[in-house]
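Hello,

Here is the structure for you to look over. My notes come after it.

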Amino acid sequence: MRPEKSTKPLHTIAISDPADPRIEPYRALPENRLPSPTPAAPHGLFIAEGEKVVRRFAEGGSRFGLASVLLAEARLERDRRWLADLPSGTPIYTASRAVMDAVVGFPIHRGVLAAGLRRPNESVTGLLKGAQTAFVLEGLANHDNVGGILRVAAALGRKAVVLLDPTSCDPLYRKAIRVSMGHALAVPFTRLEDGPSGVRALRHAGFETAALSLDRDAVPMHDWRPTSDRVAWLLGSEGAGLTDVAAAAADRTVRIEIEEGIDSLNVVTAAAIAMHGTRSLLKRPYDASEGA
């Protein structure tokens, strides 16, 4: 039996001109241009792409508000049921694929975009309340990696949060959100003044911090036993790794043992292994006889 169509009215607005100022936030997306703050969006906007991602706004899976949706007109009837669950009054701009392509600057195969409302940067202290696990990212300039780590945090982290240093890329960039499968909208994150300041805040909140490193003097992960039930992992860029300052600020330096001759793991893979190991360790009580 087919589900009944929703009878809730949608605030749809047909767009026929790619230059229509109402869809300005969606214009020329490949240029990485961030929409400027406006009275309606004082902290600026971000763009989310794809049905699975945009549906998070309808299903209550986003920490961020919604400004509007841009939809391929051919999708309207098919998607009407979940569109009806968007916040009441949300403008849903509809356009032909040709108009959408002209607006965004590339063939928009997924046919659905949303403009989300950015929030002010949350304090580290506030973010850590209630958190049990964390990632601290230093120098991660690749949007795929940041998006992948946010997905790992959602999938494997116990009440996970993410802290980013000033040189790491924007978690709300369109590609990062897409790679995260929309979890960038749900996993709490904030920006740090610098990596070591985040470590100090984590330590003050009772976290044990572990820096992932290839250093042969680092503790092998299978030998490491955290002494706290709140654990944070420090991750650096794949090329340079963590800076010496950030690594030195951590309570412990830990390594994932890999085969000789292999340079390193992708940072998202390393994050997943680290977080999975954390889950396993936190499921059993700490035994002081095992050593730290």
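Predicted model: local features only at pLDDT ≥ 70, side-chain atom pairs only at ≥ 80, totals over all residues.

Residues are numbered from 1 along each chain as its sequence is written, and side-chain values use heavy atoms, with hydrogens and water left out.

Helices (H or I, at least four residues) and strands (E, at least two) are DSSP runs, numbered from the N terminus. Seven strands make an open sheet with parallel pairing, in the order 8-7-6-11-9-12-10; two strands pair if DSSP finds at least two bridges between them. Strand 8 (189-191) and strand 10 (219-220) are at the edges with a single partner strand each, so one side of each has no neighbour in the sheet. Strand 6 (residues 133-138) pairs with strand 7 (residues 160-164) in the parallel sense over five bridges, and L137 stands opposite L164 in strand 7.

Helix 5 (residues 143-156) lies across strand 6, strand 7 and strand 11 (231-236), at about 170 degrees to strand 6. Helix 9 also packs on the sheet, where it touches strand 6, strand 9 (208-212) and strand 11, and its direction makes about 165 degrees with that of strand 11. Contact means heavy atoms within 4.5 Å. Axes are lines fitted to C-alpha atoms, for helices over the stretch in contact, and angles run from 0 to 180 degrees between N-to-C directions.

A nonpolar core is a set of buried Ala, Val, Leu, Ile, Met, Phe, Trp, Tyr and Cys residues joined through side-chain atoms within 4.5 Å; buried means under 20% relative accessible area (1.4 Å probe, protein chains only). The largest nonpolar core has 55 residues, and those with the most contacts inside it include V69, F135, L137 and W233. Helix 9 (residues 267-282) gives the most to this core, eight residues. Apart from it lies another core of 19 residues, among them A131, V161, L192 and A232.

Helix 1 (residues 51-58) and helix 2 (residues 76-83) pack at about 40 degrees, with axes 10 Å apart. E51, V54, R55 and A58 in helix 1 meet R78, D79 and W82 in helix 2.

Regards

Terms used
Buried < 20%, exposed > 50% of the residue type's maximum accessible area, 1.4 Å probe, protein only.
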